[in-house]
Amino acid sequence: KERDFMAEFYDGTKLLSMNDINGRQPDIFLTSGNRSIGKTTWFNRYCVKDFIKKHKKFCLVYRWNYELSDCADKFFKDIQRLFFPEYTMTEKRRANNIFVELFLNEQSCGYCVTLNNADALKKFSHLLSDVDKMVFDEFQSENNHYCPNELNKLLSIHTSIARGNGEQVRRVPLYMLSNKVSLINPYFLSLGISDRLRDDTKYLKGDGYVLEQTYLEEVANAQLDSAFNRAFKNESYVAYSAQNVYLNDSSAFIEKPEGMSVYIATFRNDTTDYAVRFYPKANVYYIDKSIDSDYKVKLTFDASCHDVNYIMVGSSSPYVLTLKVAFERGMVRFKNQECKHAFFECLRYTIL
């Protein structure tokens, strides 16, 4: 019965068996796909089974401190009913509420930490030295609400955990799960995924990571056929939840708009300049390499490219914020893949 049930939903076995682009064992496994296909259920069950069989502990990564409330129920309630009816899970707050310890039938099995507590966790890393794996669910935020310096905080937590147990660096794989939300989430940008991903990409390999794009048509059809979703079938969230589309992104990126345009800025990536124009009639921004040499606003995102002719901008720059919001609303177009890559590279600098 368990095999029949799991066959209808997500299975991460192949993802965890893959090597990275260099043929080496990766430390980061990402899966992104349509909602309610069972990604969280599969990985939660995997963690518990691995603990029961091999006594390997896990660490659940959340974003905000309030998410530490009722961790045991959040993590275990569904999979207990489906797979582990003979087990119970409880929790205890540790280190002045900085993290939570989980217990399976009163035996310590794992921990819950938050990115927001990354700095405080450094002092207690020795208490987490027995962690064998980490799970970060919902790494893409639906409302684009990330922690300040979130990427660095995740790196800090992983470093704190992986240096324990008498070793400077232990292998502690990180499993990152999410629904498809945005191509310009901080993790895709940092890993160089944003401009490599295509709609038909199933697996994508990088240096130290593998990414899986998942889509289960049976689950999508069941969602779309529900009376509730039929009532709201014209809303983008329904398509995001059930179909294989990103909530905040348009797939029609490479095309030139029609009509008159207004020159917005010149920006530099590496040693090449790119132009940003706004087309009012199409209500889109367009990026190509046809520079207006008379226009004085020149931007750079990388300190190595900075000189007297360019303004150094960061994540709070009005130019950056405008382009991020425009892209998430499907309002940015590119002449070619080179221009698209330059755009993503510049956004990547603003999150580091």
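Asp 288 counts as buried, at 7% relative accessibility. Buried means under 20% relative accessible area, exposed means over 50%, and partly exposed lies in between (1.4 Å probe, protein chains only). The model is predicted: local features need pLDDT of at least 70, side-chain atom pairs count only at pLDDT 80 or more, and totals for chains, interfaces and linings use all residues. Residues are numbered from 1 along each chain as its sequence is written, and side-chain values use heavy atoms, with hydrogens and water left out.

**Salt bridges**

Asp 288 has a partner, Arg 277, in a salt bridge. Such a bridge is a side-chain nitrogen of Lys or Arg within 4 Å of a carboxyl oxygen of Asp or Glu. Arg 277 is also buried, with a relative accessible area of 15%. This pair links distant parts of the chain: Arg 277 sits in strand β11 (residues 272-279) and Asp 288 in strand β12 (residues 284-288), eleven residues apart. Helices (H or I, at least four residues) and strands (E, at least two) are DSSP runs, numbered from the N terminus.

By this rule there are eleven salt bridges. Three of them are listed here.

| Salt bridge | N to O distance |
|---|---|
| Lys 57 and Asp 130 | 2.7 Å |
| Arg 277 and Asp 288 | 3.2 Å |
| Lys 289 and Glu 338 | 3.1 Å |

Lys 289 lies in the loop between β12 and β13 (298-300), and Glu 338 in helix α12, so this pair ties together parts 49 residues apart in sequence. Lys 289 is partly exposed, at 41% relative accessible area. Glu 338 is partly exposed too, at 36%. Shared partners also join Asp 50, Lys 54 and Lys 133 into one salt-bridge network.

Lys 57 belongs to strand β2 and Asp 130 to the loop between α5 (118-121) and β6, so their bridge ties together parts 73 residues apart in sequence. Lys 57 is buried, with a relative accessible area of 12%. Asp 130 is partly exposed, at 32%.

**The sheet**

Nine strands form an open sheet of mixed pairing, in the order β3-β4-β5-β2-β6-β7-β1-β9-β8. Its edge strands, β3 (89-94) and β8 (203-206), each pair on one side only. The twist averages 20° from one strand to the next. Two strands pair if DSSP finds at least two bridges between them. Strands β2 (residues 57-62) and β5 (residues 107-114) run parallel and are joined by five bridges. Val 61 stands opposite Val 113 in β5.

Helix α6 (residues 150-162) lies across β2, β5, β6 and β7. It runs at about 160° to β6. Axes are lines fitted to C-alpha atoms, for helices over the stretch in contact, and angles run from 0 to 180 degrees between N-to-C directions. Contact means heavy atoms within 4.5 Å.

**The cores**

A nonpolar core is a set of buried Ala, Val, Leu, Ile, Met, Phe, Trp, Tyr and Cys residues joined through side-chain atoms within 4.5 Å. The largest has 60 residues, and those with the most contacts inside it are Met 134, Phe 136, Phe 267, Ile 287 and Phe 327. Helix α12 (residues 337-349) gives the largest share of this core, six residues. Leaving aside residues up to four places away in sequence, Met 134 touches several residues, including Cys 59, Val 61, Ile 157 and Tyr 175. A second, separate core of 32 residues includes Cys 47, Phe 51, Cys 71 and Tyr 87.
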